[in-house]
Amino acid sequence: NKIVETKAFSQLEKLNNELQSNQDSLIEKNLQLKTLNQQMDELVYRLSHDIRSPIISIVSLIDVLEIDAQQLNNLLPLAKSNLTKMDWVLRNIYYYSDSIRRSIKIEQIQFDDLLHSAVRAVHEIDQSPINVDFQNPEKIELFTDAWALHIFLVNLIHNSLTFAKHKGPILLLKLALYRSGANTVLEFSDNGPGLPETYILN
């Protein structure tokens, strides 16, 4: 019966297409899983290095104190500095974990408030002075994920503070919001050493 054969062929073709689609989906998910595993391996390696480094330094300081306790006042600032580095690493682990679990929430934000909140967060880790100059002459209103931008600003300011220390005692930050065509631009500069031109060009 040609009608029965046609229906059977049609059903077989449909099943074959579904199997092919499922196979393609499985291959894509395996690739995504492989990428995630590679990223996790890199993250674990980097975090283990970043956490072990200050711990090793503190252990070395304790070894020195066991030999010469009079060095306590000289070594305490170094111990505090290393504990601060560890605190920063652990904060970043929390930020990373939280960013994975939470969903993106777009809302209108006050950039000034978010910027000062980020500066305060950095001050909790490092009490070095920070001078901020923020310009928003067009009174631009931003709509974005406030928490994601907060994490971005905290890391940006902390990195600037870390490298600017080699250039002077005070970190000078300049930020400006302005429009360029259909885009909104956040321009950022500091008094750090900056990147070599070879990196910028590449």
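Tutor: Let us begin with isoleucine 51, which lies in helix 1 (residues 2–67); helices (H or I, at least four residues) and strands (E, at least two) are DSSP runs, numbered from the N terminus. This is a predicted model, in which local features need pLDDT of at least 70 and side-chain atom pairs count only at pLDDT 80 or more, while totals for chains, interfaces and linings use all residues. Residues are numbered from 1 along each chain as its sequence is written, and side-chain values use heavy atoms, with hydrogens and water left out.

Student: Which residues does isoleucine 51 touch, not counting residues up to four places away in sequence?

Tutor: Contact means heavy atoms within 4.5 Å. Isoleucine 51 touches Met86, Val89, Leu90 and Ile93. The C-alpha atoms of isoleucine 51 and methionine 86 are separated by 5.7 Å, although these residues are 35 residues apart along the chain.

Student: Why is isoleucine 51 called partly exposed?

Tutor: Buried means under 20% relative accessible area, exposed over 50%, and partly exposed in between (1.4 Å probe, protein chains only). Isoleucine 51 has a relative accessible area of 22%, so it is partly exposed.

Student: How many aromatic pairs are there?

Tutor: Rings of Phe, Tyr and Trp (its six-membered ring) pair if their centres lie within 6.5 Å; planes under 30 degrees apart count as stacked, over 60 as edge-to-face and the rest as tilted. By this rule the count is 1 aromatic pair. The ring centres of phenylalanine 111 and phenylalanine 134 are 4.9 Å apart with planes at 35°, so the pair is tilted. Because phenylalanine 111 lies in helix 3 (residues 111–123) and phenylalanine 134 in strand 2, the pair ties together parts that are 23 residues apart in sequence.

Student: Are these two phenylalanines buried or exposed?

Tutor: Phenylalanine 111 counts as buried at 5% relative accessibility, and phenylalanine 134 counts as buried at 18%.

Student: What should I note about the phi of lysine 139?

Tutor: Most residues other than glycine have a negative phi. Phi of lysine 139 is near 55°, a positive value in a residue other than glycine. Lysine 139 lies in the loop between strand 2 and strand 3 and counts as exposed, at 67% relative accessibility.

Student: Where is asparagine 136 placed?

Tutor: Asparagine 136 is in the loop between strand 2 (130–135) and strand 3. At 16% relative accessibility, asparagine 136 counts as buried.
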